[in-house]
Amino acid sequence: MMKIEKVGIVGLGTVGTGTLKILINEREKIHQKTGVWIDVKKACDLNIEREFDFDVDRSIFTNNYNELIEDDEISIIVELIGGYTIAKDIIIKALKAGKNVVTANKALIAKYSKELFAIANSNGTKIYYEASVGGGIPIITPLQESLAGNNILSIKGIINGTANYILTEMTEKNIEFEKVLKKAQELGYAEADPTFDIEGIDTAHKITILASLAYGGYVDFEKVGVKGITSITGEDIKFANDLGYNIKLLATAKKYEDEEIEVRVQPTLISQKEILSNVNDVYNAIEVIGDYVGKTMFYGKGAGMEPTGSAVVADVIKLATEDLANNIPKGNYYYNINKELSLRALEKSISKYYIRLNVKDEIGTLAFVTNKFKDNNISIESMIQTCKSFDDNKFVSLIFITHDVLEADLKKSLDEIYISENVNVEKSILLKIDE
């Protein structure tokens, strides 16, 4: 007897439309490959009059999501609204109604996974969220299954297409941040309010999820160090390039021998010899290093209607075929929701750093700066002073590359430097170097 799985989709925006399109257009192929007929019984959206570029039975549309939750035939609810509020309510109602949930909502999973997974567990239901990180790139499933025999040593990722597009345009076309951001908005790569993308928040949601999966407990999102790309200038791009680096918004998670986990998001100089340094435009890439497998790389489109829809459909298929394969349900891609991972203070990090100081072009300024570095054990590998002044006060840039130093010592020295009236703090920047 053919198995029929009935699905309800809530939210027909970009990803919701892509998901609906794949489930309708490819249902014959999915059935041939899996033995399951996946039937979208209902789809909910505020605008049910919209047109689609594929054939769809319009009788499935409703603007009342409760119809999906209350329909006993629907076993899987696909939540694609996004955000923290109504989406959370819908997922909780669905779980309590005994339905499994598939979502692409990284913000919700990053902040409320402990609560949501507990509700799923108590109701014998599951939450799958492959599409929440990396768009169409499979990364959640590999971490939980393919790499399960490895201790994950580190994760590094370029996992926000908007930020990566902006930095790519700044690098390749010598355009300043504000102009590129406007272009990204015109092309639809950036939202009208781009805060989550350019300030690193979206990236932080994603690395929070990956770190939780990799290290077996939950990461408190509010404790993750986050810094965006708004302070990056064309000058930084040029000097980094001249020194053999590209600047990327890099998410990292790393486990230390004392079991502490470092999780952070920040613009980072990456050697041009590394693959991550050459991931451009809206593409994403995630590097995972395991103790047995070594370095692995996951690369592809990190967003978009069809790539992300593909990841959503993968989770729907996984849920629909679990009992056929006699799998032990792994529900929710579980990590231990009762174990909060201990996050390492970022000041303990030891690394090379890029420093740009905007200073008055006056005698004694350079000596003042270098003495503060010396007093705090900061060893300088190289230094560049720009020739031009940027305004009537004759401010110039001093560019420093350090040797490996303790971040706490570096920040102490910068705090002492920033006190000087000869230093413009707002136009100075500190970036990590990852080689």
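1. Lys88 lies in helix α4. The model is predicted. Lys88 has a relative accessibility of 14%, so it counts as buried, the cut-off being under 20%. Beyond its neighbours within four places in sequence, Lys88 is in contact with Leu108, Tyr112, Glu115 and Leu116.

2. Now the rest of that helix. Helix α4 covers residues 86-96. Besides Lys88, its buried residues are Ala87, Ile90, Ile91, Ile92, Ala94 and Leu95. What do the buried residues of α4 pack against? Strands β1 (3-10), β4 (74-79), β5 (100-103) and β6 (127-128) are on the list. Helices α3 (66-69) and α5 (106-122) are on it too.

3. Look next at what comes after the helix. Gly98 follows α4. The phi of Gly98 is positive, near 85°.

4. Turn to the nonpolar cores. In soluble globular proteins, nonpolar side chains tend to be buried together. Here the largest nonpolar core has 81 residues. Ile127 and Ile166 have the most contacts inside it. Which helix gives the most to this core? Helix α10, residues 201-215, does, with eight residues.

5. Ile166 deserves a look of its own.

6. Two backbone angles are worth checking. Most residues other than glycine have a negative phi. Asn174 has a positive phi, near 55°, and is not a glycine. Where is Asn174 placed? Asn174 sits in the loop between α7 (161-173) and α8 (177-187). Is Asn174 buried or exposed? Its relative accessibility is 64%, so Asn174 counts as exposed, the cut-off being over 50%.

7. Glu259 is the other angle to check. Its phi is positive, about 75°, although Glu259 is not a glycine. Glu259 is found in the loop between β10 (245-255) and β11 (261-271). At 48% relative accessibility, Glu259 counts as partly exposed.

Methods: Residues are numbered from 1 along each chain as its sequence is written. This is a predicted model: local features need pLDDT of at least 70, side-chain atom pairs count only at pLDDT 80 or more; totals for chains, interfaces and linings use all residues. Side-chain values use heavy atoms; hydrogens and water are left out. Helices (H or I, at least four residues) and strands (E, at least two) are DSSP runs, numbered from the N terminus. Buried means under 20% relative accessible area, exposed over 50%, partly exposed in between (1.4 Å probe, protein chains only). A nonpolar core is a set of buried Ala, Val, Leu, Ile, Met, Phe, Trp, Tyr and Cys residues joined through side-chain atoms within 4.5 Å. Contact means heavy atoms within 4.5 Å.
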